[in-house]
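Here's a quick briefing to read alongside the model. Have the viewer open and follow along topic by topic.

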Amino acid sequence: MTTPAHTPKRFMLSALFTAVTLLTVQAHATSTLPTPVLAADSIIDSIDRLGQLTIEVPATQYFETDHGVQVAFTPLTELPIIDVSLHFATDAATDGLPAGTANMVATMLTQGSGSLSEDAFIEASESLGIALSANASKDGLSLSMRSLSDATIINQASDLMAMAVNHPRFDAAILKRNQDRLSLSLRQQQQNPAYVAAQAFTQAVYEGHHYAHAISGNESSLQSITTDDLKRFTDLYLRAPNATLILTGNLSLDEAKKLAHRLTQDLPNQGTKPVSTAMHKKHQPRHIHIDHDSSQTQIIIGHLTGAQKIDAASRQHSSDFALGNEVLAGGDFNARLMKTIREQKGYTYGIYGNLEQLKAAGSYAVRFSTDGHLAAEAITQTLQIISDTLDQGISEDELALVRFGNQNGFGQTFSSNASIHRTISALTIAGFPKDHLQTRPQRLDRATLDSVNHALKNTITPDQFIIVTVGKIKPDLSHLFK
């Protein structure tokens with residue numbers, strides 16, 4: 001079938017993007033994963049019939065631009081697509097900027113740049129058929145682009161992306177529109193008990209640190225942001241020393257180097273990378289209840305954890321913990337919390353626990369919702385399951401099952417250009433060793449029952465739990481905090 005000459009480029013690009021998930025990524029580094037031997041009564045039947053699973057890990061190449069910007073390039077030639085992410089390390093905590101400034105900068109980078117008004121900028125990106133967006137996180141700001149790899153298109157697209165970074169317009173009228181729109185969104189989110197609970201938990205855990213602030217800010221801080229604040233933020237952070245560039249897709253190494261230079265050549269090369277303010281304070285365990293007109297009570301149980309570490313021992317510990325936590329609070333119906341709190345007791349539709357690790361600190365949290373009259377009982381039983389798991393440990397069969405699932409699910413990391421790009425971006429930005437993906441199978445193999453149970457006990461500390469409840473009925477948890 002031929003494509004009509006008048007078909008928009010963005011339509012063709014969308015069709016190609018959809019096709020990404022249907023292809024197998026070819027690679028240069030290979031890991032062979034053995035099939036574990038499970039007990040006869042295991043949930044999985046006939047595992048031995050599966051034989052060995054071969055995972056092909058794409059080979060990422062690393063280099064540095066003339067301006068000192070670190071680049072991670074993963075060539076994938078099956079589709080004529082390129083993914084680009086230009087990340088800047090930030091830390092607005094020490095600079096007196098209103099909460100939400102980074103998010104506002106990210107919002108406005110694609111709302112007009114240089115000589116292009118907002119409409120002209122959007123028209124330029126649409127005419128090229130590219131997807132261009134920016135987002136802020138607690139530790140940085142990223143501008144991302146997806147484009148066809150045609151040389152003419154990618155050169156124009158990279159120039160547009162570079163213009164967005166180096167010459168944002170920050171029109172006052174658009175800033176005011178964004179402030180009003182985001183303020184309205186924040187008021188709407190206050191009607192969502194899950195959002196209210198998440199914000200209350202974050203503020204309690206990270207009290208006194210800039211992580212406590214929502215990335216989008218609050219209504220008061222939003223309205224206080226000025227164009228001078230936006231310019232100051234870009235002057236501080238959108239600079240070569242803070243930048244990391246990730247390229248993924250249909251390029252040769254020489255083409256990737258030329259593209260990297262084109263994207264970063266105009267970045268100011270003065271300045272140093274910001275240093276995240278470390279968290280040292282441990283907060284007292286307590287119950288925080290927020291009245292909310294909702295039939296269900298939203299519950300978060302968790303505490304502060306340490307900062308992300310990337311040495312070999314810490315990475316093994318994180319891998320071990322992930323396996324143990326999957327048994328305790330993972331997302332499937334084999335997890336202990338899901339089995340009891342949902343399946344046996346019927347308190348909730350789903351209960352999950354996860355660890356968030358950031359540069360300065362992290363947090364562990366279990367989240368679920370239940371009927372307000374059942375909240376106290378559900379919380380008490382949840383805590384009992386966590387305590388029993390930490391005291392008694394998980395079993396060999398449970399470990400074998402989750403290890404097997406992780407080994408066989410490893411290939412999903414490389415199921416599409418987008419998933420590869422996201423993974424490489426996250427690892428590169430965090431500074432993980434270049435062989436981190438290739439050595440993941442070895443970390444899974446090295447996990448023992450003792451190391452996994454130790455990682456659980458070393459990470460989850462029930463006597464430090466902060467419990468947040470949001471709903472009509474305040475559950476009586478006084479017996480937990482005597």
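**Helix on helix: α10 and α13**

The crossing of α10 and α13 is right-handed. Keep in mind that this is a predicted model. Overall, the protein has 16 helices and 13 strands, and 49% of its 482 residues count as buried. Among contacts with a separation of 6 or more, 81% link residues 24 or more positions apart.

- Helix α10 covers residues 312-329 and helix α13 covers residues 396-409; they pack at an angle of about 115°, with axes 9 Å apart.
- That angle makes α10 roughly perpendicular to α13.
- On the α10 side, the contact uses Leu323, Glu326 and Val327, and these meet Glu398, Leu399, Val402, Arg403 and Asn406 in α13.
- Sorted by class, the residues of this α10 and α13 contact come out as four nonpolar, one polar and three charged.

**The five-stranded sheet**

- What is the strand order in the open sheet of five strands? Reading across, the order is β9-β13-β10-β12-β11, and the pairing is mixed.
- β9 (286-291) and β11 are the edge strands, each pairing on one side only.
- From one strand to the next, the twist averages 20°.
- β11 pairs with strand β12 (residues 362-371) in the antiparallel sense, over six bridges.
- One of the residues to look at is Gln357, whose bridge partner in β12 is Gly362.
- α10 turns up again here: α10 lies across β11 and β12, running at about 160° to β11.

- Gly353 sits in strand β11 (residues 352-357).
- Buried or exposed: which is Gly353? With 9% relative accessibility, Gly353 counts as buried.
- Gly353 touches Asn325, Ala329, Tyr364, Ala365 and Val366, leaving aside residues up to four places away in sequence.
- Gly353 and Arg367 are 14 residues apart along the chain, and their C-alpha atoms are separated by 6.3 Å.
- Gln298 belongs to strand β10 (residues 296-305).
- Gln298 also counts as buried, because its relative accessibility is 16% and the cut-off for buried is under 20%.
- Setting aside residues up to four places away in sequence, Gln298 touches Pro193, Ala194, Ala197, Phe368, Ser369, Val468, Thr469 and Val470.

**The six-stranded sheet**

- The open sheet of six strands runs in the order β3-β4-β8-β5-β7-β6, again with mixed pairing.
- β3 (61-64) and β6 (131-136) stand at the edges with a single partner strand each, so one side of each has no neighbour in the sheet.
- Ignoring direction, neighbouring strands of this sheet are turned by 15° against each other on average.
- How many bridges hold the pairing of β6 and β7? β6 and strand β7 (residues 140-148) pair in the antiparallel sense over six bridges.
- The link from β6 to β7 is a hairpin through three residues.
- Across that pairing, Ala131 stands opposite Arg146 in β7, and Ala134 stands opposite Leu143 in β7.

**Helix α2, on the sheet and against α8**

- Helix α2 (residues 101-108) lies across β6 and β7, running at about 175° to β6.
- α2 also meets helix α8 (residues 227-237): their axes come within 10 Å and cross at roughly 90°.
- From α2, the contact draws on Thr101, Ala102, Met104, Val105 and Met108; from α8, it draws on Asp229, Leu230, Phe233 and Thr234.
- The class count for the contact of α2 with α8 is six nonpolar, two polar and one charged residues.

- Most residues other than glycine have a negative phi.
- Phe170 is not a glycine, yet has a positive phi of about 50°.
- Where is Phe170 found? Phe170 is in the loop between α4 (151-166) and α5 (172-189).
- At 5% relative accessibility, Phe170 counts as buried.

Definitions and conventions. Residues are numbered from 1 along each chain as its sequence is written. This is a predicted model: local features need pLDDT of at least 70, side-chain atom pairs count only at pLDDT 80 or more; totals for chains, interfaces and linings use all residues. Side-chain values use heavy atoms; hydrogens and water are left out. Two strands pair if DSSP finds at least two bridges between them. Helices (H or I, at least four residues) and strands (E, at least two) are DSSP runs, numbered from the N terminus. Axes are lines fitted to C-alpha atoms, for helices over the stretch in contact, and angles run from 0 to 180 degrees between N-to-C directions. Contact means heavy atoms within 4.5 Å. Angles under 35 degrees count as roughly parallel, over 145 as roughly antiparallel, 65 to 115 as roughly perpendicular and the rest as oblique. A crossing is left-handed if the near helix is turned anticlockwise from the far one by less than a right angle, and right-handed if clockwise. Ala, Val, Leu, Ile, Met, Phe, Trp, Tyr, Cys and Pro count as nonpolar, Asp, Glu, Lys and Arg as charged, and the others, Gly among them, as polar. Buried means under 20% relative accessible area, exposed over 50%, partly exposed in between (1.4 Å probe, protein chains only).
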